[in-house]
Amino acid sequence: MGGPRPVPPGVLEAKHRAEAAGFDLSCDDGVGRLLACLAAAVPQGGRVLEIGTGAGVGLAWLVSGLGDRLDVEVVSLEKDDALAESAMSAVANWPRRVSIGHGDALEILPLIGVFDLVFADAEGGKTEGLGLTLAAVAPGGMLVVDDMLPKVDDAYHASLWPELQAARETLLSHPEFSSCELDFSSGVILCVRRSASRLKRERDE
Ligand SMILES: C[S@@+](CC[C@H](N)C(=O)[O-])C[C@H]1O[C@@H](n2cnc3c(N)ncnc32)[C@H](O)[C@@H]1O
């Protein structure tokens, strides 16, 4: 067995930003590596959305998965002024189509269309307004939520537990999505929006 794989330089930079800002809510490396793999599967000309930029760690993992692809648009939403500004200055140096939407995801989501990969990592769009997030997933598109396992000694996470359980139930039982729980890292639910069947498309036309 080899040791842990190296962390991409952009992720390391974002981790340093998080540390300097005292921000401790960045996604785990396990979730980040999953995001990078799924980003690599986004179709030609596709779109990726992150809800909740934080210090940009998850965003850096998503971007790392895209490698040198420039055809994919990446949007990340953050409502905190200081975090959004810090992420915007970092992103300005990245040679690709990445933008930070500064504001409340619940207000922005209805205006920005659909995406092939969505990482919903903020209360807005996850424990509140989950329907808006689901509506932003394109047919065949994927939705990732993390932090779905209990966290020992995290009173804030514990206070959200009822809402997280409600979100879990919605995600796992939604008829338009095929979903599974991945019992690793902080606990992930992965949902894929079913593509409309040919029969249904014909009925709708
Ligand atoms: C768990 S952290 C995000 C971590 C980041 N995705 C990562 O993996 O590094 C959640 C972030 O969502 C932001 N947030 C919370 N509610 C929001 C909302 N309604 N709209 C936009 N951002 C929101 C918070 O300010 C916080 O920075």
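**Notes on the ligand and its pocket**

1. Let's start with where the ligand is: it sits in the largest pocket. Keep in mind that this is a predicted model.

2. Now for that pocket itself. Its volume comes to about 890 Å³. There are 41 lining residues, and L25, D121, A122, E123 and Y156 are the ones closest to the pocket's centre. If you'd rather think in elements, β1 (47–51), α3, β2, α5 (105–108) and α7 (155–159) each give two or more residues to this lining.

3. What sort of residues make up the lining? By class, you get 15 nonpolar, 11 polar and 15 charged residues.

4. Next, zoom in on the ligand's own shell. It has 22 residues, with G52, E78, D104, A105 and D121 coming nearest. Sorted by class, the shell has nine nonpolar, seven polar and six charged residues.

5. Which atoms pair up with the ligand? Take E78 to begin with: one of its polar side-chain atoms is 2.6 Å from a ligand oxygen. The side chain of D104 has an N or O atom 2.9 Å from a nitrogen of the ligand. With A105 the backbone is involved, as one of its N or O atoms lies 2.8 Å from a ligand nitrogen.

Key
Residues are numbered from 1 along each chain as its sequence is written. This is a predicted model: local features need pLDDT of at least 70, side-chain atom pairs count only at pLDDT 80 or more; totals for chains, interfaces and linings use all residues. Side-chain values use heavy atoms; hydrogens and water are left out. A residue is near a molecule or strand if one of its heavy atoms lies within 4 Å of it. A polar contact is a pair of N or O atoms within 3.5 Å; within protein, one must be able to donate a hydrogen and the other to accept it, and residues adjacent in sequence count only if both atoms are side-chain atoms. On a 1 Å grid over the protein atoms alone, a cavity is a set of points where a 1.4 Å probe fits but cannot get out, and a pocket is an open set with protein on both sides within 12 Å along at least five of seven lines; lining residues have an atom within 4 Å of a point. A molecule sits in a cavity or pocket if more than half of its atoms lie within 2 Å of its grid points. Ala, Val, Leu, Ile, Met, Phe, Trp, Tyr, Cys and Pro count as nonpolar, Asp, Glu, Lys and Arg as charged, and the others, Gly among them, as polar. Grid points are joined across faces, edges and corners, and a volume is the space filled by probe spheres set on the points. Helices (H or I, at least four residues) and strands (E, at least two) are DSSP runs, numbered from the N terminus.
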